[in-house]
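Please look at the sequence and the model below, and then read the short report on its packing that follows.

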Amino acid sequence: MASLSGKSVLVIGGSSGIGYATAAGALAEGAKVTIASRSEEKLRAAQASLGGAVEMRRLDVSSDTEVDAFFKETPAYDHIVVSGAAFKFGTVREQNIDDAYAAMNVKFWGAYRVARQASVAPGGSFVFVSGFLSRRPKPNMVLVGAINAALETLAQGLALEMAPVRFNVVSPGIIDTPTRAAMPAEARKAMLESVAKSLPVKRVGQAEDCADQILLMLRNTFMTGSVVYVDGGGLLV
């Protein structure tokens with residue numbers, strides 16, 4: 001299995017949650033890490049928390065112009081991770097169509113833009129982060145599941161079209177990350193406890209659970225076109 005030591009790793013969405021945990025893990029393995037996201041404030045906070053050992057660059061993957069400019073100024077990375085995409089939930093009938101377009105634009109088209117423009121060194125790879133709703137649809141989250149399924153199919157197609165560059169997907173279940181911080185504290189606690197009881201592993205996931213799988217996909221040069229569900233058995237119940 002290949003080492004990440006000395007390799008250049010770009011983590012889009014690396015300022016928090018799964019992306020941040022991935023950046024921290026790659027740093028611990030000796031990689032040269034760049035984190036990117038829309039919020040410069042969050043990037044600076046993450047950089048400080050990681051000890052200043054990472055490079056930070058602002059990037060809005062929903063913008064054609066920004067993605068084009070970002071990668072024109074950048075040499076080839078060894079590995080690119082695309083994580084983090086906050087958007088509004090709702091039923092198909094109730095959700096504002098502009099919000100629906102925005103969700104597709106940032107999560108699906110964002111990954112598409114990055115794959116289209118980024119240069120990856122020989123032996124390199126991409127990892128996208130989707131979500132297990134691609135396989136287990138839920139009311140109020142129909143669009144999210146559809147976007148996740150499209151992202152997984154995109155990665156598998158790109159694994160063929162852009163070979164030998166590798167494309168893989170980590171598909172998380174319920175993960176306790178900052179994306180849930182907007183919920184009232186008691187409601188968030190009750191929801192996570194309820195989910196934990198329903199899962200075979202009897203706990204919800206942490207960002208590091210997903211980061212471990214992402215790092216494995218970066219190192220394992222025999223993995224491509226794979227979708228791995230890190231869901232605590234959520235697809236089984």
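T34 sits in strand β2, which spans residues 32–37; helices (H or I, at least four residues) and strands (E, at least two) are DSSP runs, numbered from the N terminus. This is a predicted model, in which local features need pLDDT of at least 70 and side-chain atom pairs count only at pLDDT 80 or more, while totals for chains, interfaces and linings use all residues. Residues are numbered from 1 along each chain as its sequence is written, and side-chain values use heavy atoms, with hydrogens and water left out.

| Residue | Place | Relative accessible area |

Leaving aside residues up to four places away in sequence, T34 touches V9, L10, V11, E55, R57 and Y77, where contact means heavy atoms within 4.5 Å. I175 and P122 are 53 residues apart in sequence, and their C-alpha atoms are 33 Å apart in space.

A nonpolar core is a set of buried Ala, Val, Leu, Ile, Met, Phe, Trp, Tyr and Cys residues joined through side-chain atoms within 4.5 Å. The largest such core has 40 residues, of which I12, F71, I80, V114, F126, F128 and F167 touch the most other members. At least two residues of this core come from each of β1, α3, β4, α4, β5, α5, β6 and α6, and α5 gives the most, with seven residues. F167 touches, among others, F126, F128, A155, L158 and M162, not counting residues up to four places away in sequence. Apart from this core lies another, of 29 residues, among them V11, V127, L218 and V230.

How do α4 and α5 lie relative to each other, and at what angle do their axes cross? The axes (lines fitted to C-alpha atoms over the stretch in contact, with angles from 0 to 180 degrees between N-to-C directions) come within 10 Å and cross at roughly 10°. The two helices, α4 and α5, are therefore roughly parallel to each other, a term that covers angles under 35 degrees. The contact is made by residues including A100, M104, F108 and A115 of α4, and L143, I147, L151 and L158 of α5.

Terms used: Buried means under 20% relative accessible area, exposed over 50%, partly exposed in between (1.4 Å probe, protein chains only). Angles under 35 degrees count as roughly parallel, over 145 as roughly antiparallel, 65 to 115 as roughly perpendicular and the rest as oblique.
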